[in-house]
Amino acid sequence: MAGVTLDTVRKVYAGNVEAVKGVSLGIEDGSFCVLVGPSGCGKSTLLRMIAGLETISGGEVKISDRVVNEIEPAERDIAMVFQNYALYPHMSVYDNMAYGLKNRKTPKAEIEKRVNEAARILAIEPYLTRKPRQLSGGQRQRVAMGRAIVRKPQVFLFDEPLSNLDAKLRVQMRVEIKRLQRALGVTSIYVTHDQVEAMTLSDKLVVMSGGQIEQVGTPSEVYRRPETRFVATFIGSPPMNILPGRVEGPGLVSVGGQMIKVTDMREGLTPGSAIEVGLRPEDVQAGTTGTSTLTLDVDFVEELGATQLFHGKVAGAEFVVQASTGQLPSDTRDLTLSIDADNVHLFDPQTTKRLGVA
Amino acid sequence: MVENRRYRNLVAYLVLGMGVAIVAFPVYLAIIASTFDAGTIANGNMPLVPGDQAGINYERALFTGGRLAREPVGMMMMNSFIMAMGIAIGKIIISILSAFAVVYFSFPFRRTAFWVIFITLMLPVEVRIYPTYKIVADLGLLDTYSGLILPLIASATGTLLFRQFFMTVPDELLEASKIDGAGPFRFFKDTLLPLSITTIAALFVIQFIYGWNQYLWPLLITTQSSMQTIVIGIKKMITTQDALTEWQIAMTTAVLAMVPPVMVVIFMQRLFVKGLVETEK
């Protein structure tokens with residue numbers, strides 16, 4: 001087992017396009033690290049550099065203290081699960097899993113033992129003689145994971161492995177991947193653009209944008225205390241509401257003339273300067289029980305079953321409130337919202353960085 | 001509507017039937033003619049049902065040949081067969097390897113290499129016949145199988161076909177192979193080749209028939225009768241100077257000449273369809 005260390009890793013493509021701009025990251029042994037970000041943020045490129053499928057333009061990639069920049073993918077002691085599974089279509093499930101071991105001249109008995117064990121763990125034993133095309137999407141996904149497991153690698157790399165599955169299966173496989181990773185204790189790096197997957201799977205969540213890391217932390221840290229406006233709006237669904245506001249004094253901002261108390265606010269901000277006020281749709285309640293209030297002009301209501309989304313405007317800016325169904329009448333036009341000072345996030349309009357207590 | 005459709009079907013079948021008749025009738029005639037003696041054909045009143053001379057005609061054609069040429073068709077068929085097989089197999093090997101290089105390796109002037117191959121599409125044997133003849137002659141390959149085969153192997157069709165196919169193979173398969181520790185040749189042998197079977201079968205059919213039907217090139221470079229191909233043989237039988245053309249032998253030879261290409265199509269088509277049904281990417 002081993003950790004993975006990235007030291008100012010850069011990727012520059014022909015034409016001077018910088019896809020990854022100096023990323024440094026330490027991934028602890030046995031942890032599950034998820035790289036999340038919108039498409040084109042460099043997360044897949046980063047993963048492929050760790051795998052050895054892309055050359056590294058600058059910096060260093062270390063797997064268990066060994067610099068692997070110049071080492072062939074097969075020698076890096078990693079295994080990868082691809083988005084489209086990349087199973088060899090002409091080989092049986094058994095051969096798909098055994099191929100990598102055969103290439104490294106593993107004894108036949110050992111191959112058989114490992115493949116059978118992986119098949120047992122993944123419950124694909126009945127399909128070992130089938131060809132990939134005779135399997136369903138979920139089964140192919142398992143075979144792809146089986147191919148990774150039999151290698152007994154130091155690191156698992158997942159490149160959006162669930163995005164080809166339907167929604168229901170995705171949730172099921174997500175749980176299975178997490179369970180499997182726990183059981184095997186292998187360091188895993190997982191790339192996704194789906195923030196729910198990112199939150200649920202990760203021990204360590206890395207939010208990326210524009211080839212750079214925006215924030216690293218546990219899922220709850222990233223959710224509770226987003227360091228930038230980008231992270232705030234990317235993690236969480238529906239995304240955090242951002243309102244234009246003004247600094248009024250220590251622990252006090254205003255939005256459209258309505259005062260809001262804030263717990264996590266940097267000292268020494270000039271009163272009167274502009275500031276962005278972030279509020280999660282699930283953190284605001286109807287009523288007046290909180291420390292401050294806002295009025296919402298409701299446009300329409302979205303029904304999600306267990307919850308309802310109230311879309312509208314606060315001080316001219318789009319705003320969404322999530323409430324349990326039945327809590328509020330659906331024909332509500334004006335809504336008084338109650339806000340807890342602990343749930344207010346402040347961002348600098350220029351740098352988009354969090355203006356929290358340093 | 002149902003009536004209407006039935007009427008339309010009838011018309012469609014009628015047109016198709018006429019097409020088949022136009023194509024098939026001459027072939028049928030050749031087969032019939034190969035079962036009569038020369039006199040029956042020559043007097044212009046050949047019946048449309050088979051005669052009783054088939055055994056004699058086929059035996060003579062295969063083992064003795066025409067009255068003048070005296071070259072057994074069996075030998076000519078063997079020559080044609082070797083040439084067609086050589087062209088088909090040689091072309092498959094060369095084009096699959098060149099396509100592999102062009103698609104999967106980045107080397108200097110890769111694009112140039114591809115375009116050079118592409119340009120040869122515009123230069124069939126007929127166009128480059130003099131230089132090709134000169135080279136083959138200088139290499140001392142006149143009247144040899146190599147001389148018959150080699151110049152026809154070099155052309156771009158196969159390379160293009162394989163290139164198109166390789167481009168549809170997902171990159172992830174190559175990447176998965178890399179991670180599985182397979183080098184370029186192992187990837188080629190273990191993954192690319194098995195996936196290409198149907199393309200190979202298709203190319204084989206096309207190239208075998210192309211090779212079998214060659215006329216101009218073998219005519220140029222073979223002088224010995226022992227190197228003659230069947231297509232030339234037929235031509236020789238028809239154009240006789242003084243004597244009467246032995247139509248029954250010419251037709252018998254023509255029928256015999258049809259057999260191998262038809263066999264190749266029938267046999268390969270099965271593999272072809274099977275591959276089409278089974279392959280999924």
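**Local contacts, backbone exceptions and aromatic pairs**

In this predicted model, the side chains of E54(A) and R48(A) are joined by a polar contact of 3.2 Å. A second polar contact, of 3.4 Å, joins the side chain of E54(A) to that of Y13(A). E54(A) sits in a loop of chain A, between helix 1 (43-51) and strand 4 (58-63). Its relative accessibility is 16%. Buried means under 20%, so E54(A) counts as buried. Leaving aside residues up to four places away in sequence, E54(A) touches K11(A), Y13(A), T45(A), R48(A) and M49(A).

The backbone of chain A also has some exceptions. Most residues other than glycine have a negative phi, and most peptide bonds are trans. T8(A) is not a glycine, yet its phi is positive, at about 35 degrees. T8(A) belongs to strand 1 (residues 4-13) of chain A. With a relative accessible area of 42%, T8(A) is partly exposed. K152(A), also not a glycine, has a positive phi of about 45 degrees. K152(A) lies in the loop between helix 4 (137-149) and strand 7 (155-159) of chain A. Its relative accessibility is 51%. Exposed means over 50%, so K152(A) counts as exposed. The peptide bond between S237(A) and P238(A) is cis, with omega at about -5 degrees. P238(A) is placed in the loop between helix 8 (229-234) and strand 11 (241-249) of chain A.

Over all chains, the structure holds 21 aromatic pairs. One of them is the tilted pair of F158(A) and Y190(A), with 5.4 Å centre to centre and 40 degrees between the planes. This pair links distant parts of the chain: F158(A) is in strand 7 of chain A, and Y190(A) is in strand 8 (residues 187-192), 32 residues apart. Both F158(A) and Y190(A) are buried. In chain B, F204(B) and F208(B) form a stacked pair, 5.9 Å centre to centre, with 25 degrees between the planes. F204(B) and F208(B) are separated by about one helical turn, because they are four residues apart in helix 11 (residues 197-212) of chain B. F204(B) and F208(B) are buried. Ring pairs also build a cluster in chain B, linking F100(B), Y104(B), F105(B), F162(B), F165(B), F166(B), F185(B), F187(B) and F188(B).

Two arginines of chain A lie over ring faces. R147(A) lies over the face of Y88(A), at 5.1 Å from the ring centre. R280(A) lies over the face of Y223(A), at 4.2 Å from the ring centre.

Notes:
Residues numbered from 1 in each chain as written. Chains lettered and ligands numbered in written order. Predicted model: local features only at pLDDT ≥ 70, side-chain atom pairs only at ≥ 80, totals over all residues. Heavy atoms only, no water. Helix = DSSP H or I, 4+ residues; strand = E, 2+ residues; numbered from the N terminus. Buried < 20%, exposed > 50% of the residue type's maximum accessible area, 1.4 Å probe, protein only. Polar contact = N/O pair within 3.5 Å; in protein donor to acceptor, adjacent residues only side chain to side chain. Contact = heavy atoms within 4.5 Å. Phe/Tyr/Trp six-rings, centres within 6.5 Å; stacked < 30°, edge-to-face > 60°. Lys NZ or Arg CZ within 6 Å of the ring centre and 35° of its normal.
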